[in-house]
Amino acid sequence: MTIQNMKARSRMVTLARDFFLSRGYLETETPLLAPSLIPESSLEAFATQYVHPYAPGKPLYLLPSPEFWMKQLIAQTGASVFQLGKAFRNAESVSRIHNPEFTMLEYYTLGSDSADNIGLTEELFRILAREETPPRARPPFRRITMAQAFKDFVGLDLDSLGDTGRMIEAARGKDLLVSPKATWEEAFNVVFLSLVEPNLPMDRPLVLDEYPTLIECLAKEIPGKPYKERWELYVEGIEIANCFTEMAEPQAVREYFDSQGRKKLESLVPHRIDYGYAEIFANFPPCSGVAVGFDRLTMVLLGAKTIEEVINFPFPKDFNSGI
């Protein structure tokens, strides 16, 4: 990273902190290690071990997101919170947009939903944008639902594809290879990653809204619709942020943990799951959270081509080839 980019990034960190502090958010600082993790079958974790000289050791895990601790603080304080800190994700190839260790900006706004957070995130972009920020990375955001994206770019009616067999058949109808044993989510991802995501408009930041309920996550369901209050933000075709209206029902969280916990049995790095975590949602305040990949955000706002240009000591690309 050049000295110019170091200065620009430092300025963006300061502006981001000021943005949330001036709006009454509490800045949190949470541990990077945890004795258990929220199960997410799409992610792999880093595992380590606490070694005691006179007692048995204990497994610990580097967090893929500060969400694990931040939601506990929300339950305790009833405050809107934000955090800028490190996160870790394993089993992802080092690339121009991937580094195993990265910086995440995460913020939770009480009394808001995912729609409210579109406007808040647009304001954040306006504050952080620089003279060299390209028009394609500047607000206002374009908004499109997942159902509309499937219709516009693939010619498929997503509402009618709620059955696993139909989704597999639809994928094969587009000449995509899908296993007959694929789950609904696996077949959906083949279509989305092959035909939808590459065709998303890139003239300005795009909010892809209303993810299908059949994609398991801790987002609130939209009443009367097979979708959740969740969006992802793309800039120049790159996923920058993920937002939920937070699921705040203990039973629904337990069901999610049970389902994802079974899937995590097949993960490359199994980890401990605390099924009692759902109890923090017994009196959890309504809120919406956004997780922003800060390295990627810095990259697109500075007009850089890779995250190597905006982080110090990135993993080398030949790291993929092993040792």
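Reader: What makes up domain 1 and domain 2 of the chain?

Author: The domain assignment gives 3-141 + 204-320 as domain 1 and 143-203 as domain 2; such bounds come from an automatic or database domain assignment. Bear in mind that this is a predicted model, where local features need pLDDT of at least 70, side-chain atom pairs count only at pLDDT 80 or more, and totals for chains, interfaces and linings use all residues. Residues are numbered from 1 along each chain as its sequence is written, and side-chain values use heavy atoms, with hydrogens and water left out.

Reader: How many residues does each domain bring to the contact?

Author: The C-alpha centres of domain 1 and domain 2 are 25 Å apart. Domain 1 brings 20 residues to the contact and domain 2 brings 18, where contact means heavy atoms within 4.5 Å.

Reader: What is the area buried between domain 1 and domain 2?

Author: About 1,700 Å², with carbon and sulfur atoms giving 61% of that. Buried area is the accessible area (1.4 Å probe) that two parts lose on being put together, summed over both.

Reader: Why is the pair Asp-209 and Arg-143 called a salt bridge?

Author: A salt bridge needs a side-chain nitrogen of Lys or Arg within 4 Å of a carboxyl oxygen of Asp or Glu. Across the interface of domain 1 and domain 2, the rule finds two salt bridges.
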